[in-house]
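Hi,

Here is the structure I promised to pass on to you. Have a look at it first, and then read on for my notes.

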Amino acid sequence: MNRNLVRGLQAAWVLPEFRSGVRHLVDLDEITVLLATLAVSEDEEHDRDVERSLLSLLRSALDTDEIREAVLLLLEHEEVRRPLVAAVAEPFADRPGQAAAIASAAEDPVVRREVRAVLDNATVRALIWEAVENQQRDNRLGLIRRAVVLFVRHPSVRRLAWALRRHGLLRELRRKG
């Protein structure tokens, strides 16, 4: 499990506005234990199981209005956003252009606004999760199909793609490692 991701999640967890926003929806003690486990885990197989649990938790969280709003507000907090961006960029250490494009896009308020627009749409969220599931199952055709549907039918996804393009992220994703 990426340690920067864990640090970002822990930074989010101590923010009072985040905790109060989700207090009535989730078991805070369970999440605290999960974050502590992630912070000390060294077993790769255990990490994959925890990652699947975390993805499942994230999916249900994003489908809940109050939690989704709390998570989106976290992206506006620099002390939370920076470790999360570092966690996303860390696997691309051998591709500095891609890491820089990710960091640049994350700092752009227009990109964050478009992410909010995408995640506020239930149909788009469902298609995104289908794409994630296709990727996890190595179903490349299903992944491509979902991506095309997202781009063609949903203007918010197109606007997000254009915002990401301005930061060079799409170009960097096409480059070979």
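Where is H167 found? H167 is in the loop that runs between α11 (155–166) and α12 (169–174). Please keep in mind that this is a predicted model.

The side chain of H167 has a polar partner: a polar contact of 2.6 Å joins it to the side chain of D108. Setting aside neighbours within four places in sequence, the contacts of H167 are A101, S104, A105, D108 and V111.

Which residues have the most contacts inside the largest nonpolar core? They are V111 and L164, in a core of 16 residues. At least two residues of this core come from each of α7 (96–107), α8 (109–119), α9 (122–136), α10 and α11. Apart from this core lies another one, of 7 residues, which includes A12, W13, A70 and L74. As for V111, and again leaving out neighbours within four places in sequence, this residue touches A105, L160, A163, L164 and H167.

Helix α10 (residues 140–153) is also where F151 sits. On the surface, F151 belongs to a nonpolar patch with I144, V148 and V152, and together the four have about 350 Å² of accessible area. Why does F151 count as partly exposed? Its relative accessibility is 36%, which falls between the 20% limit for buried and the 50% limit for exposed, so F151 is classed as partly exposed.

Best wishes

Key
Residues are numbered from 1 along each chain as its sequence is written. This is a predicted model: local features need pLDDT of at least 70, side-chain atom pairs count only at pLDDT 80 or more; totals for chains, interfaces and linings use all residues. Side-chain values use heavy atoms; hydrogens and water are left out. Helices (H or I, at least four residues) and strands (E, at least two) are DSSP runs, numbered from the N terminus. A polar contact is a pair of N or O atoms within 3.5 Å; within protein, one must be able to donate a hydrogen and the other to accept it, and residues adjacent in sequence count only if both atoms are side-chain atoms. Contact means heavy atoms within 4.5 Å. Patches are made of residues with over 30% relative accessible area and no salt bridge: like charges are joined within 9 Å, nonpolar side chains (Val, Leu, Ile, Met, Phe, Trp, Tyr) within 5 Å. Accessible areas come from the Shrake-Rupley method with a 1.4 Å probe; for residues, only the protein chains shown count as cover. A salt bridge is a side-chain nitrogen of Lys or Arg within 4 Å of a carboxyl oxygen of Asp or Glu. Buried means under 20% relative accessible area, exposed over 50%, partly exposed in between (1.4 Å probe, protein chains only). A nonpolar core is a set of buried Ala, Val, Leu, Ile, Met, Phe, Trp, Tyr and Cys residues joined through side-chain atoms within 4.5 Å.
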